[in-house]
Amino acid sequence: MQTTVVLRQDSPEAAALLVEGWTVEARSFGALLEADHVDRARLRALAVAGPSDVTIRELCPDDVDDVLALDSMTAADYPGSVATRHEPFDRSSATPWPTRRAWGARTSTERLVALTFVDLGERVAETDVTVVHPDHRGRGLAAAVKSASVLALLDAGVVRFRTGGSADNPAIIAANATLGYVVDETWLTLVAPTP
Ligand SMILES: CC(C)(COP(=O)(O)OP(=O)(O)OC[C@H]1O[C@@H](n2cnc3c(N)ncnc32)[C@H](O)[C@@H]1OP(=O)(O)O)[C@@H](O)C(=O)NCCC(=O)NCCS
């Protein structure tokens, strides 16, 4: 079995392992959006910019079966390696809760086609996952659900928003940049040389 570690790209440990012959299997990033830098008007526009037949709203515990269905059908769609692997939801992680809130997009036939889950700490929010049904990608839904989540959480007093993902995921990188997230961490997934 391969030995793999995930380290900050700018760390001395990563530099030392690269010298020893470890190779880069994947790259990932973390990004920050601070409340003071949020452009609320832009986020309000993004939250309603999706297709007209889709409605964005906060999800509640009653949505759990639809969350599990969307998660299950998109489980293989996440790019990257161990650092950005998505653990399939179980009933507990798929259930929105006061410290784990979620927003979703539903079609006019009530089909859940996009969601974002956000874990909350003391005035800090960290996106756990954002996913869009394959038939509805490229229509602004990731940006819409993420914008709706940030706007609601600003009103709840959150001052720092964090997100992240694979460097091989141009769609989520673009969605985050559209919202105003700034990449402030880059990570390497390193694999040990074979003996
Ligand atoms: C990543 C994902 C959520 C994006 O959802 P989406 O609804 O298609 O994204 P949007 O339509 O809101 O697009 C957001 C931005 O990404 C850009 N984009 C969309 N698809 C893209 C692609 N395949 N390549 C490059 N850019 C892309 C859009 O142009 C837009 O950029 P802009 O605001 O500068 O115009 C979706 O592809 C997905 O569900 N992937 C599988 C799960 C995953 O990887 N989730 C992210 C990690 S948690």
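**Sheet, helices and ligand shell**

Reader: S4 and S5 pair in which sense, and over how many bridges?
Author: The pairing of S4 and S5 is antiparallel, and seven bridges make it up. Bear in mind that this is a predicted model.

Reader: In S5, what is the bridge partner of Ala 105?
Author: Ala 105 has Ala 114 as its bridge partner in S5.

Reader: How many residues sit between the strands in the hairpin of S4 and S5?
Author: Four residues lie between S4 and S5, and in that turn Glu 110 has a positive phi of about 70°.

Reader: What about Glu 110 itself, buried or exposed?
Author: Glu 110 counts as exposed because 8 other C-beta atoms lie within 10 Å, and the cut-off for exposed is 12 or fewer. This residue belongs to the loop between S4 and S5. In general, most residues other than glycine have a negative phi.

Reader: On to the next pair. How many bridges join S5 to S6, and which way do they run?
Author: S5 and S6 run antiparallel and are joined by seven bridges. One of the pairs is Leu 120 with Ala 125, the latter in S6.

Reader: Which residue takes a positive phi in the hairpin of S5 and S6?
Author: Arg 123 does, with phi near 60°, in a hairpin that has three residues between the strands.

Reader: Buried or exposed, Arg 123?
Author: Arg 123 is exposed, as 12 other C-beta atoms lie within 10 Å. That value is still inside the cut-off of 12 or fewer.

Reader: And where is Glu 122 found?
Author: Glu 122 is in the loop between S5 and S6, and with 8 other C-beta atoms within 10 Å this residue is exposed. Between Glu 122 and Ala 35 there are 14 Å, C-alpha to C-alpha, for a separation of 87 residues in sequence.

Reader: Zoom out. What is the order of the strands in the open sheet?
Author: The order is S1-S8-S2-S7-S6-S5-S4-S3, eight strands in an open sheet with mixed pairing. S1 (4–8) and S3 are the edge strands, each pairing on one side only. From one strand to the next the twist averages 20°.

Reader: How many bridges do S3 and S4 pair over?
Author: S3 and S4 (residues 100–107) have five bridges, and the sense is antiparallel. Across this part of the sheet, Arg 57 stands opposite Gly 104 in S4.

Reader: Which strands does H4 touch where it packs on the sheet?
Author: H4 touches S2 (23–34), S3, S4, S5 (112–120), S6 and S7 (160–166). The direction of H4 makes about 35° with that of S5.

Reader: Switching to H2. Which residues are buried there?
Author: In H2, residues 40–47, the buried ones are Leu 43, Leu 46 and Ala 47. They lie on the same side of H2 because they cover an arc of only 100° around the axis. As a rule, residues three or four places apart in an α-helix point the same way, since there are 3.6 residues a turn.

Reader: Now the ligand. How many residues surround the ligand, and which are the closest?
Author: 23 residues surround the ligand, and the closest are Arg 137, Ala 142, Pro 170, Ala 171 and Ala 174. S6 (124–132), H4 and H5 are the elements that give two or more residues to the shell.

Reader: Where does the largest share of the shell come from?
Author: From H5, which gives six residues.

Reader: How do the residues of the shell divide into nonpolar, polar and charged?
Author: There are 13 nonpolar, seven polar and three charged residues in the shell.

Reader: One last residue. What is Ile 172 in contact with, leaving aside its neighbours within four places in sequence?
Author: The contacts of Ile 172 are with Thr 130, Ala 142 and Gly 165. Thr 130 is 42 residues away along the chain, and the two C-alpha atoms are separated by 8.4 Å. Ile 172 is placed in H5.

Reader: Why does Ile 172 count as buried?
Author: Ile 172 counts as buried because it has 25 C-beta neighbours inside 10 Å, and the cut-off is 20 or more.

Definitions and conventions: Residues are numbered from 1 along each chain as its sequence is written. This is a predicted model: local features need pLDDT of at least 70, side-chain atom pairs count only at pLDDT 80 or more; totals for chains, interfaces and linings use all residues. The arc is that of the directions from the helix axis to the C-beta atoms. A residue is near a molecule or strand if its C-beta atom, placed from the backbone, lies within 6 Å of it. Ala, Val, Leu, Ile, Met, Phe, Trp, Tyr, Cys and Pro count as nonpolar, Asp, Glu, Lys and Arg as charged, and the others, Gly among them, as polar. Two strands pair if DSSP finds at least two bridges between them. Axes are lines fitted to C-alpha atoms, for helices over the stretch in contact, and angles run from 0 to 180 degrees between N-to-C directions. Two residues are in contact if their C-beta atoms, placed from the backbone, lie within 7 Å.
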